[in-house]
Amino acid sequence: MTNSASPKGNKITGVYCQIFGHNYVVSKQITRHIKEYKCTNCQKEVTTAPNGKLEPLTSRLKEINYEVHKLYQRRSKRQKKQKVA
Ligand SMILES: [Zn+2]
(Lines give C-alpha, C1' and ligand atoms only; values in the text may rest on other atoms or scores of the structure.)
Protein backbone atom coordinates (compact mmCIF):
# COMPACT_ATOMS: atom_id res chain seq x y z
CA MET A 1 0.00 0.00 0.00
CA THR A 2 1.43 3.35 -0.99
CA ASN A 3 0.88 5.82 1.78
CA SER A 4 0.68 9.11 -0.05
CA ALA A 5 -1.17 11.71 1.97
CA SER A 6 -3.15 13.68 -0.54
CA PRO A 7 -4.78 16.95 0.54
CA LYS A 8 -8.14 15.59 -0.58
CA GLY A 9 -7.88 12.92 2.12
CA ASN A 10 -7.63 9.29 1.20
CA LYS A 11 -10.52 6.89 0.83
CA ILE A 12 -9.22 4.31 3.26
CA THR A 13 -9.35 6.61 6.29
CA GLY A 14 -12.77 7.82 5.15
CA VAL A 15 -14.06 4.26 5.13
CA TYR A 16 -12.44 3.62 8.49
CA CYS A 17 -14.36 6.57 9.94
CA GLN A 18 -17.62 5.34 8.41
CA ILE A 19 -17.18 1.95 10.05
CA PHE A 20 -15.59 2.83 13.38
CA GLY A 21 -16.66 6.46 13.72
CA HIS A 22 -14.55 9.57 13.73
CA ASN A 23 -11.70 9.97 16.17
CA TYR A 24 -12.39 13.54 17.25
CA VAL A 25 -9.96 15.52 19.36
CA VAL A 26 -10.63 19.02 20.70
CA SER A 27 -9.00 21.52 18.38
CA LYS A 28 -10.37 24.67 20.00
CA GLN A 29 -12.15 25.46 23.23
CA ILE A 30 -14.72 28.17 22.54
CA THR A 31 -16.55 28.30 25.88
CA ARG A 32 -16.96 25.87 28.75
CA HIS A 33 -19.58 24.00 26.74
CA ILE A 34 -18.73 24.74 23.12
CA LYS A 35 -15.71 23.15 21.49
CA GLU A 36 -14.40 22.56 18.02
CA TYR A 37 -13.23 19.06 17.21
CA LYS A 38 -11.10 17.60 14.46
CA CYS A 39 -10.96 13.97 13.36
CA THR A 40 -7.39 12.70 13.47
CA ASN A 41 -8.15 10.23 10.67
CA CYS A 42 -9.93 12.24 7.98
CA GLN A 43 -9.41 15.83 9.31
CA LYS A 44 -13.18 16.43 9.36
CA GLU A 45 -14.08 19.33 11.66
CA VAL A 46 -17.22 19.61 13.79
CA THR A 47 -18.41 21.90 16.54
CA THR A 48 -20.91 21.83 19.37
CA ALA A 49 -24.22 23.23 18.13
CA PRO A 50 -26.59 25.20 20.42
CA ASN A 51 -28.67 22.04 20.85
CA GLY A 52 -25.61 20.22 22.23
CA LYS A 53 -25.14 17.99 19.19
CA LEU A 54 -22.13 17.96 16.92
CA GLU A 55 -22.49 19.76 13.61
CA PRO A 56 -20.09 20.03 10.68
CA LEU A 57 -17.89 23.08 11.19
CA THR A 58 -18.81 25.40 8.35
CA SER A 59 -17.11 28.74 7.79
CA ARG A 60 -20.29 30.39 9.12
CA LEU A 61 -20.17 28.38 12.37
CA LYS A 62 -16.45 29.13 12.61
CA GLU A 63 -17.25 32.86 12.47
CA ILE A 64 -19.96 32.49 15.12
CA ASN A 65 -17.61 30.50 17.37
CA TYR A 66 -14.96 33.17 16.95
CA GLU A 67 -17.38 35.90 18.06
CA VAL A 68 -18.76 33.79 20.92
CA HIS A 69 -15.20 33.07 22.04
CA LYS A 70 -14.39 36.79 22.12
CA LEU A 71 -17.54 37.56 24.13
CA TYR A 72 -16.86 34.67 26.48
CA GLN A 73 -13.31 35.86 27.16
CA ARG A 74 -14.49 39.43 27.74
CA ARG A 75 -17.20 38.24 30.12
CA SER A 76 -14.94 35.93 32.12
CA LYS A 77 -12.41 38.76 32.46
CA ARG A 78 -15.11 41.07 33.80
CA GLN A 79 -16.29 38.42 36.26
CA LYS A 80 -12.74 38.02 37.54
CA LYS A 81 -12.46 41.78 38.06
CA GLN A 82 -15.75 41.86 39.96
CA LYS A 83 -14.55 39.11 42.26
CA VAL A 84 -11.35 41.03 43.03
CA ALA A 85 -13.09 44.37 43.60
ZN1 LIG B 1 -12.96 10.89 10.50
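Me: Why is Glu 45 called partly exposed?

Reply: In this predicted model, Glu 45 has a relative accessible area of 26%. Buried means under 20% and exposed means over 50%. The value of 26% lies in between, so Glu 45 is partly exposed.

Me: What makes the contact of Glu 45 and Lys 62 a salt bridge?

Reply: The N to O distance between their side chains is 3.8 Å. The cut-off is a Lys or Arg nitrogen within 4 Å of a carboxyl oxygen of Asp or Glu, so this pair counts. Glu 45 belongs to strand S3 (residues 45–48) and Lys 62 to helix H2 (residues 59–84), so the bridge ties together parts 17 residues apart in sequence. Lys 62, at 38% relative accessible area, is partly exposed.

Me: How do you know that Glu 63 and Arg 60 form a salt bridge, and where do they lie?

Reply: Their closest N and O atoms are 3.4 Å apart, and the limit is 4 Å. Both residues are in helix H2, three residues apart, which means a separation of about one helical turn. Glu 63 has 49% relative accessibility and counts as partly exposed. Arg 60 has 52% and counts as exposed, because the line for exposed is drawn at over 50%.

Me: How many salt bridges does the whole structure have?

Reply: The search finds four. One of them joins Glu 36 to Lys 28, with the closest N and O atoms 4.0 Å apart.

Me: Is Glu 36 buried or exposed?

Reply: Its relative accessible area is 3%, and buried means under 20%, so Glu 36 is buried. Lys 28, its partner, is partly exposed at 43%.

Me: Why is the aromatic pair of Tyr 16 and Phe 20 called tilted?

Reply: The structure holds two aromatic pairs. In the pair of Tyr 16 and Phe 20, the ring centres are 4.7 Å apart and the planes stand at 40°. Planes under 30 degrees apart would be stacked and over 60 edge-to-face, so 40° is tilted. Both residues lie in helix H1 (residues 11–20), four residues apart, about one turn. Phe 20 is exposed at 60% relative accessible area.

Me: What makes Tyr 24 and Tyr 37 an aromatic pair?

Reply: Their ring centres are 6.4 Å apart, and the limit is 6.5 Å. The angle of 55° between the planes makes the pair tilted. It links distant parts of the chain, with Tyr 24 in strand S1 (residues 24–29) and Tyr 37 in strand S2 (residues 35–39), 13 residues apart.

Me: How do you know that S1 and S2 pair?

Reply: They share five bridges in the antiparallel sense, and pairing needs at least two. Val 26 is opposite Tyr 37 in S2. A hairpin of five residues joins S1 to S2.

Me: Why is the site of the zinc ion called tetrahedral?

Reply: The protein donors are Cys 17 (SG), His 22 (ND1), Cys 39 (SG) and Cys 42 (SG), at 2.0 to 2.4 Å from the zinc ion. The angles among the four donor atoms run from 103 to 115°. Four donors count as tetrahedral if all angles lie between 85 and 135 degrees, so the site qualifies. Along the chain, the donors follow the spacing C-x4-H-x16-C-x2-C. His 22 is in the loop between H1 and S1 and Cys 42 in the loop between S2 and S3, so this pair ties together parts 20 residues apart in sequence.

How values were computed
Residues numbered from 1 in each chain as written. Predicted model: local features only at pLDDT ≥ 70, side-chain atom pairs only at ≥ 80, totals over all residues. Heavy atoms only, no water. Phe/Tyr/Trp six-rings, centres within 6.5 Å; stacked < 30°, edge-to-face > 60°. Helix = DSSP H or I, 4+ residues; strand = E, 2+ residues; numbered from the N terminus. Buried < 20%, exposed > 50% of the residue type's maximum accessible area, 1.4 Å probe, protein only. Donors = N, O, S within 2.8 Å, 3.2 Å for Na, K, Ca; no water. Tetrahedral: all angles 85-135°; square planar, octahedral: opposite > 155°, others 65-115°.
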